[in-house]
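Let's take a friendly walk through this fold, one piece at a time. Keep the viewer open and turn the model as you read.

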Amino acid sequence: MMMTVPEIRERAEQPYVAIRVTLPMSEIGSAAPRFFDDIFTWVSTKGALPAGGAILKHNVIDMERELELEFGVPTIEPVPGDGRVLSGVLPSGRYATILYRGPYGDSGDGLYQANAALIGWGKENGIRWDSEQTPAGERFACRMEVYLTDPATEPDSSKWETEITIKLAD
């Protein structure tokens, strides 16, 4: 497992499509392949062009209960959603970012540790996230894991790269 030092980057707005679900933390690893397959299949049937790899957007986090997540993919152009798939725009702005290299899912807790490292770095440096506390948990304007490596083309999970990024408060 390897992580970079966190840094702050500007991100441009980015259209995307996703399937929104609410799950306990313990079910994310087993649910992810199905939802990612579903969204990529949906994108290909619409003739849309992905603008990158899969994303897992964390909308609301309550680690003790449930997380509201979006399994998605950025697109070159906006694509209208339907009953199951939503269409949106990832907001532009300043983001704190860390790059994690290693397995995800049930094979290790590296992604969890990388998320914790980014949150801890933010606390140590007085960073304010673009988020608010709600009865359901902490709601983020944009917090996501961006999967930069396709496991179908790189079977060695020690080489998988994931960017973890959280929008800063303006």
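This is a predicted model: local features need pLDDT of at least 70, side-chain atom pairs count only at pLDDT 80 or more; totals for chains, interfaces and linings use all residues.

Two strands count as paired if DSSP finds at least two bridges between them. The strands themselves (E, at least two residues) and the helices (H or I, at least four) are DSSP runs, numbered from the N terminus. Residues are numbered from 1 along each chain as its sequence is written, and side-chain values use heavy atoms, with hydrogens and water left out.

Let's stay with strand E11 (161-167) for a moment. Five bridges join E11 to E10, and the two run antiparallel. E11 is also antiparallel to E7, through seven bridges, and here Ile98 stands opposite Ile164 in E11.

Now move to helix H2 (110-124). The expected span of a helix is 1.5 Å times one less than its number of residues. For the 15 residues of H2 that gives 21 Å, and the end C-alpha atoms are 21 Å apart, so the two values agree. The buried residues of H2 are Gly110, Leu111, Ala114, Asn115, Leu118, Ile119, Trp121 and Gly122. When you look at such a list, keep the helical repeat in mind: an α-helix has 3.6 residues a turn, so residues three or four places apart point the same way. The buried residues of H2 pack against strand E1 (2-3), strand E2 (7-11), strand E7 (93-101), E10 and E11; contact here means heavy atoms within 4.5 Å. Just after H2 comes Gly126, with a positive phi of about 65°.

The other helix to visit is H1, which covers residues 28-45. Its 18 residues reach 25 Å from the first C-alpha to the last, close to the 26 Å expected. Which residues of H1 are buried? They are Ile28, Ala31, Ala32, Phe35, Phe36, Ile39, Trp42 and Val43. These buried residues pack against strands E3 (14-23), E4 (55-61), E5 (67-74), E6 (85-90) and E10 (143-147). Ser44, also in helix H1, is exposed, because its relative accessible area is 52%. The C-alpha atoms of Ser44 and Leu86 are separated by 15 Å, and the two residues are 42 apart along the chain. H1 is followed by Gly47, whose phi is positive, near 75°.

Leaving aside neighbours within four places in sequence, Arg20 is in contact with Asn59, Glu68, Leu69, Glu70 and Leu86. Arg20 and Asn59 are 39 residues apart along the chain, yet their C-alpha atoms are separated by 9.2 Å. Arg20 counts as partly exposed because its relative accessibility is 45%.

Strand E4 deserves a careful look. E4 is mostly covered, with seven of its seven residues buried. A hairpin of five residues joins E4 to E5, and these strands pair in the antiparallel sense over six bridges. Ile55 stands opposite Gly72 in E5, and the bridge partner of Ile55 in E10 is Val146. E4 and E10 run antiparallel, joined by three bridges. E4 also has two bridges to E9, again antiparallel, with Val60 opposite Arg139 in E9.

Finally, where do several of these elements come together? H1, E4, H2, strand E9 (137-140) and E10 each supply at least two residues of the lining of the largest pocket. A pocket, on a 1 Å grid over the protein atoms alone, is an open set of points where a 1.4 Å probe fits, with protein on both sides within 12 Å along at least five of seven lines; lining residues have an atom within 4 Å of a point. About 1100 Å³ of space lies in the largest pocket. Of the 41 residues that line this pocket, the closest to its centre are Leu56, His58, Leu111, Glu145 and Tyr147. The volume is the space filled by probe spheres set on the grid points, which are joined across faces, edges and corners. The lining divides into 24 nonpolar, nine polar and eight charged residues. In this count Ala, Val, Leu, Ile, Met, Phe, Trp, Tyr, Cys and Pro are nonpolar, Asp, Glu, Lys and Arg are charged, and the others, Gly among them, are polar.

Conventions:
Buried means under 20% relative accessible area, exposed over 50%, partly exposed in between (1.4 Å probe, protein chains only).
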